[in-house]
Amino acid sequence: GRTMATLPANSVVIYTHVLGKMMVDESGFERSPTGPLFVGQHHSSFASLDDEPWLREALPKHFADCDAFVALSDEDAASFGSLLDVPCVAIPNPAPEGRTLTTQLAKRAVALARFSHEKQIPLMVRLFAAAITVPEADGWSLAIYGDGVERPQVAEAVERSGMSTRIELAGVVDDSATALSDASLNLLTSSLEGFPMTILEAACSAVPSIAFDCSAGVRSQLENEAGYLVHSQNEDAYVAALRGAMLDDIERRRRGENARAR
């Protein structure tokens, strides 16, 4: 509250999560007409409110005095607009620049994600293991970059898959370009997403992504064959899309170029 009181009118305070605004409200701070602008954010999809229902009450209560609210897609902005009585606009995540294009020669898929429940990494392991059972998929491997609270479950899934020689837990990588440099596919199996950076980062290297249609942010990046968009949580369809991508080099490259252009 004391910090807020010192900010001039030409300042902008951006609350990247409602928890920050809750702390300011609980401090007793009250806005002044000569104080800074307030902008609220929610860095996930509107559908994520089903996973954290307390946000349905917290967002309209604590962002009520904000001057604007920022979501990750036009569709999400419209949905949040039905909940919040403030202007809601979309600003998607920015794409990185200067990426080296993949050769698309390596039979290598990658995933970059924290190991948390909504990312469904054990499911990814199981679906990849199912996709590579055909002889035509010989040589394909998966490197999973990341870490998190579900690492034991992910490691167990790799062991149970029977494909531990072809599915690697590659640890944390600071530079996604390094992980993508010799990749031909990028995998997501999330049940919830906002506007995932991993799809953007892969696209900048012309690596197509395969993901469930779990949010407007995912859909906006992969529609029009700028990757492989799988009907939400349809596991058989995901295996079919993954296997098809691995076996059709020409189509995979075409979708990778579509992703980069988009």
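Modeller: Gladly! Let us start with handedness: a crossing is left-handed if the near helix is turned anticlockwise from the far one by less than a right angle, and right-handed if clockwise. Keep in mind that this is a predicted model, where local features need pLDDT of at least 70, side-chain atom pairs count only at pLDDT 80 or more, and totals for chains, interfaces and linings use all residues. Residues are numbered from 1 along each chain as its sequence is written, and side-chain values use heavy atoms, with hydrogens and water left out.

Biologist: Which hand does the crossing of α2 and α3 have?

Modeller: The crossing of α2 and α3 is left-handed. Both names come from DSSP runs, numbered from the N terminus: helices are H or I with at least four residues, strands are E with at least two.

Biologist: What makes α2 oblique to α3?

Modeller: The axes of α2 (residues 18-26) and α3 (residues 55-62) come within 10 Å and cross at roughly 55°. That angle makes α2 oblique to α3. Angles under 35 degrees count as roughly parallel, over 145 as roughly antiparallel, 65 to 115 as roughly perpendicular and the rest as oblique. The axes are lines fitted to C-alpha atoms, for helices over the stretch in contact, and angles run from 0 to 180 degrees between N-to-C directions.

Biologist: Which residues of α2 and α3 meet?

Modeller: Val-18, Lys-21, Met-22 and Asp-25 in α2 meet Leu-55, Ala-58, Leu-59 and His-62 in α3. Contact means heavy atoms within 4.5 Å. These residues divide into 5 nonpolar, 1 polar and 2 charged. Ala, Val, Leu, Ile, Met, Phe, Trp, Tyr, Cys and Pro count as nonpolar, Asp, Glu, Lys and Arg as charged, and the others, Gly among them, as polar.

Biologist: Why are α5 and α6 called roughly parallel?

Modeller: The axes of α5 and α6 (residues 151-161) cross at roughly 15° and come within 8 Å. The two helices are therefore roughly parallel to each other. Their crossing is right-handed. In this contact there are 7 nonpolar, 2 polar and no charged residues.

Biologist: Is Gln-120 buried or exposed, and why?

Modeller: Gln-120 counts as buried because its relative accessibility is 18%. Buried means under 20% relative accessible area, exposed over 50%, partly exposed in between (1.4 Å probe, protein chains only). Gln-120 lies in the loop between β5 (108-112) and α5 (121-131), and its phi is near 55°, a positive value in a residue other than glycine.

Biologist: What about Asn-224, buried or exposed?

Modeller: Asn-224 is exposed, with a relative accessible area of 63%. Its phi is also positive, about 60°, although Asn-224 is not a glycine. The residue lies in the loop between α9 (216-222) and β10 (228-230).

Biologist: And why does Asn-93 count as buried?

Modeller: Asn-93 counts as buried because its relative accessibility is 14%. Leaving out residues up to four places away in sequence, Asn-93 touches His-43, Leu-72, Phe-195, Met-197 and Leu-200.
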